[in-house]
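Thanks for coming, everyone. Please have a look at the structure on the screen, and keep it in view while I talk.

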Amino acid sequence: MRQETLEQFWEDCKRGVYNFTDNGKCTCCGECCTALLPMTKEELKTIQRYVKRKHIRIEKHDGCDFDLTCPFRDNERKICTVYEVRPTICRDFKCDKPQKKIDDTKERFSYDGRFRVYNLREIFK
């Protein structure tokens, strides 16, 4: 995810998802890697255990005062350091899927109260 102001981030969200693929193939650009993710308590606990077991440190992304990039995004190596246990939203997301309204995504990840938005930067600081 680009480092931007909150206002610009929200405006981008309103416009939908951008296609950062190379002919449908993920470029590992990290534009989709955000610190604010809807997930279940079980997914969060799994990540917490994995981070502890693998001694994973959160990544600090230089160049901004307010970092919304996922703390597990290694920009230098272009990888997710918790890829094996990444949450459902990360498993399902592909930035070249047809754009959906924000309400469609919100509905999918809030059904039956299982999903809650967590700020991974706050939890893993």
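**A walk through the fold**

Let's start with one cysteine. Cys 95 sits in the loop between α3 and α4, with α4 spanning residues 102-108. Is Cys 95 buried or exposed? Its relative accessible area is 14%, so Cys 95 is buried. Now look for Cys 26. In sequence, Cys 95 and Cys 26 are 69 residues apart. In space, their C-alpha atoms are 8.2 Å apart.

One caution before I go on. This is a predicted model. Please keep that in mind for every number you hear.

Now the overview. The protein has five helices and four strands. Read from the N terminus, the order is α-β-α-β-β-α-α-β-α. The protein has 125 residues, and 33% of them are buried. What about contacts along the chain? Take the contacts between residues at least 6 apart in sequence: 73% of these join residues at least 24 apart.

Next, helix α2. It covers residues 41-54, which is 14 residues. From first C-alpha to last, α2 reaches 20 Å. That is close to the 20 Å expected at 1.5 Å a residue.

Which residues of α2 are buried? They are Glu 43, Leu 44, Ile 47, Tyr 50 and Val 51. Look down the helix axis. The buried residues of α2 fall within an arc of 125°, so they line one face of the helix. An α-helix has 3.6 residues a turn, so residues three or four places apart point the same way.

Now turn to the face of α2 that points away from the buried side. There you find the exposed residues Lys 41, Glu 42, Arg 49, Lys 52 and Arg 53.

What covers the buried residues of α2? The cover includes β1 (36-39), α3 (88-92), β4 (116-119) and α5 (120-123).

At 32% relative accessibility, Ile 123 counts as partly exposed. Leave aside its neighbours within four places in sequence. Ile 123 is then in contact with Leu 44, Gln 48 and Tyr 118. Ile 123 and Leu 44 are 79 residues apart in sequence. Their C-alpha atoms are 9.5 Å apart in space.

What comes after α2? His 55 follows the helix, with a positive phi near 55°. His 55 is a residue other than glycine, so note that one down. It belongs to the loop between α2 and β2. With 68% relative accessibility, His 55 counts as exposed.

Lys 78 gives us another positive phi in a residue other than glycine, again near 55°. Find Lys 78 in the loop between β2 and β3, where β3 is 79-80. Lys 78 is partly exposed, with a relative accessible area of 46%.

On to the core. In soluble globular proteins, nonpolar side chains tend to be buried together. Here, the largest nonpolar core has 16 residues. Which of them touch the most other members? Those are Met 39, Ile 47, Val 51, Phe 72, Val 82, Leu 120 and Phe 124. Both β1 and α2 supply at least two residues of this core. The largest share comes from α2, with four residues.

Let's zoom in on Leu 120. Skip the residues up to four places away in sequence. Leu 120 then touches Ala 35, Leu 37, Met 39, Leu 44, Cys 70, Pro 71 and Phe 72.

That brings us to aromatic rings. How many aromatic pairs does a search of the whole structure find? It finds one. The rings of Phe 72 and Phe 124 have their centres 5.0 Å apart and their planes at 80°, so the pair is edge-to-face. Phe 72 sits in the loop between α2 and β2 (73-74), and Phe 124 in the segment after α5. The two are 52 residues apart, and the pair links distant parts of the chain. Phe 72 is buried, at 0% relative accessibility. Phe 124 is buried too, with a relative accessible area of 13%.

Arg 86 lies over the face of Tyr 83, at 3.7 Å from the ring centre.

That's my tour. Questions, please.

Note on methods: Residues numbered from 1 in each chain as written. Predicted model: local features only at pLDDT ≥ 70, side-chain atom pairs only at ≥ 80, totals over all residues. Heavy atoms only, no water. Expected span 1.5 Å × (residues − 1). Buried < 20%, exposed > 50% of the residue type's maximum accessible area, 1.4 Å probe, protein only. Arc of directions from axis to C-beta. Contact = heavy atoms within 4.5 Å. Core = buried A, V, L, I, M, F, W, Y, C linked by side-chain atoms within 4.5 Å. Phe/Tyr/Trp six-rings, centres within 6.5 Å; stacked < 30°, edge-to-face > 60°. Lys NZ or Arg CZ within 6 Å of the ring centre and 35° of its normal.
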